[in-house]
Amino acid sequence: MNDRQTPPARQIRAACTDTTVTVYQAYDPALGVPAARTGRFPAAWKRDRMTWIKPSFLWMMYRCGWATKPGQECVLAMEIDRTGFDRALERACLSHYDPAEHTDRAAWKRALRDSPVRIQWDPERDLHLRPLPHRSLQLGLSGDASRSYADEWITSITDVTPLAHRVHALVQDGDLPAARALLPHELPYPAPESTPSVSPLA
């Protein structure tokens, strides 16, 4: 994010258009390369497993180590339908108990059991992948949400591994302005009001 103003503690920031929002995942090239080539996940992609999507490019870089961690050497940018993304947010439950969101732990466990979508708020990262004081969204999809994501919401899949390598090389060279200029333009996203623990837009 290029805005110098300090973001709220928990805010969704994403590259988006009027109809799509971009999220990131990292895979083994055996899965990621054909997905980018065809615009769809191959049969080997497990639709019944929890899958985590991240709107933050730099958090994805932290998670995959700039596309160097085993099994995460191929970073994909998925453009997905905003209607589906918003529907997932509306159905989401926090992955951890928060007394500000739930009356008690039993209520949280019921919500967790009934929801196919998990929200996790993790520290955002800077270009050196150090934690920042504000948090970034991870969205976990399971069951019908995972299947809808794979088969209905995705409008395009792009292999952004070369971008990850270019940005990383510039960071290693100490050219942070050039590295920052290559980052996807992520802006505060107007999440549905029911999204757990999200800070409202000003």
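This is a predicted model: local features need pLDDT of at least 70, side-chain atom pairs count only at pLDDT 80 or more; totals for chains, interfaces and linings use all residues.
Trainee: Why is the pair Arg 47 and Asp 151 called a salt bridge?
Mentor: A salt bridge needs a side-chain nitrogen of Lys or Arg within 4 Å of a carboxyl oxygen of Asp or Glu. The side chains of Arg 47 and Asp 151 meet at 3.0 Å, N to O. The label therefore holds. The structure holds 5 salt bridges.

Trainee: What makes the Arg 47 and Asp 151 pair a tie between parts of the chain?
Mentor: Arg 47 lies in the loop between α1 and β3 (51–53), and Asp 151 in helix α5 (residues 143–153), so the pair ties together parts 104 residues apart in sequence. Helices (H or I, at least four residues) and strands (E, at least two) are DSSP runs, numbered from the N terminus.

Trainee: What other salt bridge links distant parts of the chain?
Mentor: Asp 144 pairs with Arg 91, the closest N and O atoms being 3.0 Å apart. Asp 144 is in helix α5 and Arg 91 in the loop between α3 (82–90) and β5 (92–94), 53 residues apart. Asp 144, at 33% relative accessibility, is partly exposed. Arg 91, at 36%, is partly exposed too.

Trainee: How do you know that Arg 82 has no salt bridge?
Mentor: The nearest side chain of opposite charge, Asp 86, is 5.1 Å away. Here Lys and Arg count as positive, Asp and Glu as negative; His and the chain ends are not counted. Arg 82 is buried and lies in helix α3. Contact means heavy atoms within 4.5 Å. Leaving aside neighbours within four places in sequence, the contacts of Arg 82 include Asp 18, Tyr 189 and Pro 190.

Trainee: Why is the ring pair of Phe 41 and Tyr 149 called tilted?
Mentor: Rings of Phe, Tyr and Trp (its six-membered ring) pair if their centres lie within 6.5 Å; planes under 30 degrees apart count as stacked, over 60 as edge-to-face and the rest as tilted. Phe 41 and Tyr 149 have centres 6.0 Å apart and planes at 50°, so the pair is tilted. Phe 41 and Tyr 149 are buried.

Trainee: What makes Trp 45 and Tyr 149 a tilted pair?
Mentor: The centres are 6.2 Å apart and the planes at 55°, so this pair is tilted. Ring pairs link Tyr 27, Phe 41, Trp 45 and Tyr 149 into a cluster.

Trainee: How do you know that the charged end of Arg 125 sits over the ring of Tyr 62?
Mentor: The rule asks for NZ of Lys or CZ of Arg within 6 Å of the ring centre and within 35 degrees of the ring normal. The charged end of Arg 125 is 3.6 Å from the ring centre of Tyr 62, and it counts as sitting over the ring.

Methods
Residues are numbered from 1 along each chain as its sequence is written. Side-chain values use heavy atoms; hydrogens and water are left out. Buried means under 20% relative accessible area, exposed over 50%, partly exposed in between (1.4 Å probe, protein chains only).
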